Amino acid sequence: MAKRTKDKSYPIRHYVKIMLVILIGVLALDCIVSFAAISIVKQQTARHMQDTANLYINRINLDFSNINQYMGWTLANDPNVKIMNKHEPVDAEFLKANNELYKRFSELQKNYEQEYNFFVYLKERDYFLNSSPISLIYPDYLALKNEIMSYVQDIDLFEKFYSNWTPIRLNDKYFIINIVPYYDSYMICLISADNLIGPLRQIDLGENGFVSLVNPNGEVIANSAQEAAMKKAESKGWLPGFAQSKTNVSGQFSNATFGVNLHIEFGNFEKIMIAQLLIMLLAVIVACAVCGIMVYFNILILRPLKNFSYNLTQFNEDNKPLELKMNRIVELEYANKLFKNLLEQIRIFKIDSYEHELEKQKIQLDYMKLQIKPHFFLNCLTNIYSMAQMHMFEEIQGMAISTSNYFRYLFQNGQDFVRLDDEIDHVRIYLEIQKHRYRDAFDYEIERADGTGDLKIPPLVLQTFVENAVKYAVSRVSAVLIRLEVGLAEDAGGETAVVRISDTGPGFPADILEKLAGGEPLDQSEGHRIGIMNTVKRLEHLYRREADIAFANGEDGGARVTIRLPQPPPNQAEGSGAI
């Protein structure tokens, strides 16, 4: 039959290999989990930014559409524009109409947080003027005017600019413009590229993240500050592509020749990767160090300890340790000598301790027996004295005979266990003795199940609790019934004798019952309840706490004691019996 592998021993290099394999697996799994987590976070970030950009682009598209429609409607239907085309700029009608137009576009501008600038150009009058408050500086205003005058000369102006927002550059600054022509009248809307994408720049895009506009060719429409940010971001891409924190999100405006691009670069990703690499490197260093320590520990300590442990298990036929092998470690060699002396001392100590414990238990059991015997003997003398006072001479004779038989059994029995039948006969004699004294004050019943006669129980156990029932339950006031019932029960350990002793007296006092149920000792300072406490202690010693005693009061009154006694082993009960 093959030996079980679970008992097989392995050298330390086997465990070193297992540690390295586990380490490599853990590191690989850690890398996979880290890269997967970073990828998921990047995707979630890009998705969030894409949704944010789409929301903003939709809002701008709606603004573009509304502004474009409003400017077209104004050119075609507003009477102020018609009045301005009919009069000279110095005429009062022209100035009044221009003022009304200014008020209307000022109100419109408030709806868009004054970011959009509105202008009107009348070609026939060669008149260019803002139709709302503007945020342009004067050089930019003049550059815009020149651009508009050049645009209106283009015959394709309508196709290029109508409903088509287009980026233009004025004095090295980018703006978004929309021109709505209507015959020789033009409405112009202008917004700074920086103002257009300003809300997107408020989003946290990382330390080097930025937002820019791009034309259909993919070229960035950026000011000098944006160009510097782009160059700085491009110079930091030292990690591999899958580990870099760069993410681009783009979107296209409708009715426009440009789109928006969000360059996201969170430095935390790179910090995570650096920390991950450092952790992996530290783990490798620690693992290698541990493996080296284990090998060194094996050579210097484990091998000598293994020899030492093997030597400790070697004994000769006389149960004495053999001469132990020499060790290279001085401490182990010294421990060898100490171990030999220690084994001998332990052996002597175990023998002495075992004999001392047996002697102690024997003395304690004998003491408790002797303590019970004179206790009842004095009670019997008291009973005979009481009957003598009442001139109960015949009863005294019967009492004396019963007492003689009772104590003959008591003093001749030196065994730890007796037959149950003999113990019941002894209890019956005791009750008859008490009947001589109390006459009709109490009666008793003894019931025994078949097959219980040869059961072994400690002597005087039943008599102790029966005596307690007589002492505290019997009175001259009313008749009392004392019952002794013996039965058998089966449990995992075999047969168990179940003895129930009950009476119809007043029962246990509440404080006494509480202490008995809780296993607390009773007060024996005045010589009371000695028998109960001694019996409980005897059972604990004899049955090694496997016996059980339960104390209770019946529903109709009276005390009840239930004793469960497992049968002792044959070698323990051998020689016990009746005399």
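**Sheets, ring pairs and buried residues in a predicted model**

Asn261 is buried, with a relative accessible area of 17%; buried means under 20% relative accessible area, exposed over 50% and partly exposed in between, with a 1.4 Å probe and protein chains only. The residue is found in strand 9 (residues 259-265). Helices (H or I, at least four residues) and strands (E, at least two) are DSSP runs, numbered from the N terminus. Leaving aside neighbours within four places in sequence, Asn261 is in contact with Phe210, Val211, Ser212, Val214, Asn248, Val249 and Ser250. Contact means heavy atoms within 4.5 Å.

The model is predicted: local features need pLDDT of at least 70, side-chain atom pairs count only at pLDDT 80 or more, and totals for chains, interfaces and linings use all residues. Residues are numbered from 1 along each chain as its sequence is written, and side-chain values use heavy atoms, with hydrogens and water left out.

Val260 also lies in strand 9. Its relative accessible area is 1%, so Val260 is buried. Not counting residues up to four places away in sequence, Val260 touches Ile57, Ile197, Leu200, Val211, Ser212, Leu213, Val214, Val249, Ser250, Gly251 and Phe253.

The protein chain holds 16 helices and 16 strands. Of its 579 residues, 41% count as buried. Among contacts with a separation of 6 or more, 66% come from residues 24 or more positions apart. The protein chain exposes about 33400 Å², of which carbon and sulfur atoms supply 56%. These areas come from the Shrake-Rupley method with a 1.4 Å probe; for residues, only the protein chains shown count as cover.

Rings of Phe, Tyr and Trp (its six-membered ring) pair if their centres lie within 6.5 Å; planes under 30 degrees apart count as stacked, over 60 as edge-to-face and the rest as tilted. The count comes to 18 aromatic pairs. Phe64 and Trp165 are stacked, at 4.0 Å centre to centre and 15° between the planes. Phe64 lies in helix 1 (residues 12-77) and Trp165 in the loop between helix 5 (157-161) and strand 3 (166-170), so the pair ties together parts that are 101 residues apart in sequence. Both Phe64 and Trp165 are buried. The rings of Phe94 and Tyr127 have their centres 5.0 Å apart and their planes at 90°, so this pair is edge-to-face. Phe94 belongs to helix 3 (residues 92-110) and Tyr127 to strand 2 (residues 127-130); the pair links distant parts of the chain, 33 residues apart. Phe94 counts as buried at 0% relative accessibility, and Tyr127 at 15%. Ring pairs also link Phe64, Tyr112, Tyr116, Trp165, Phe253 and Phe258 into a cluster.

Asn98 has its place in helix 3. With a relative accessible area of 12%, Asn98 is buried. Not counting residues up to four places away in sequence, Asn98 touches Met84, Tyr127 and Leu129.

Two sheets are described here. Strands of a sheet pair through backbone hydrogen bonds, either parallel or antiparallel. Two strands pair if DSSP finds at least two bridges between them. Axes are lines fitted to C-alpha atoms, for helices over the stretch in contact, and angles run from 0 to 180 degrees between N-to-C directions. Strand 4 (residues 173-182) and strand 5 (residues 185-192) pair in the antiparallel sense over 8 bridges. Ile176 has Ile191 of strand 5 as its bridge partner.

Another open sheet has 5 strands in the order 11-13-14-16-15, with mixed pairing. Strand 11 (442-448) and strand 15 (548-553) stand at the edges, each with a single partner strand, so one side of each is without a neighbour in the sheet. Neighbouring strands are turned by 15° against each other on average, direction ignored. Strand 11 and strand 13 (residues 480-491) pair in the parallel sense over 7 bridges. Asp443 has Leu481 of strand 13 as its bridge partner. Helix 13 (residues 461-473) packs on this sheet and touches strand 13, strand 14 (494-503), strand 15 and strand 16 (559-566). The direction of helix 13 makes about 15° with that of strand 14.
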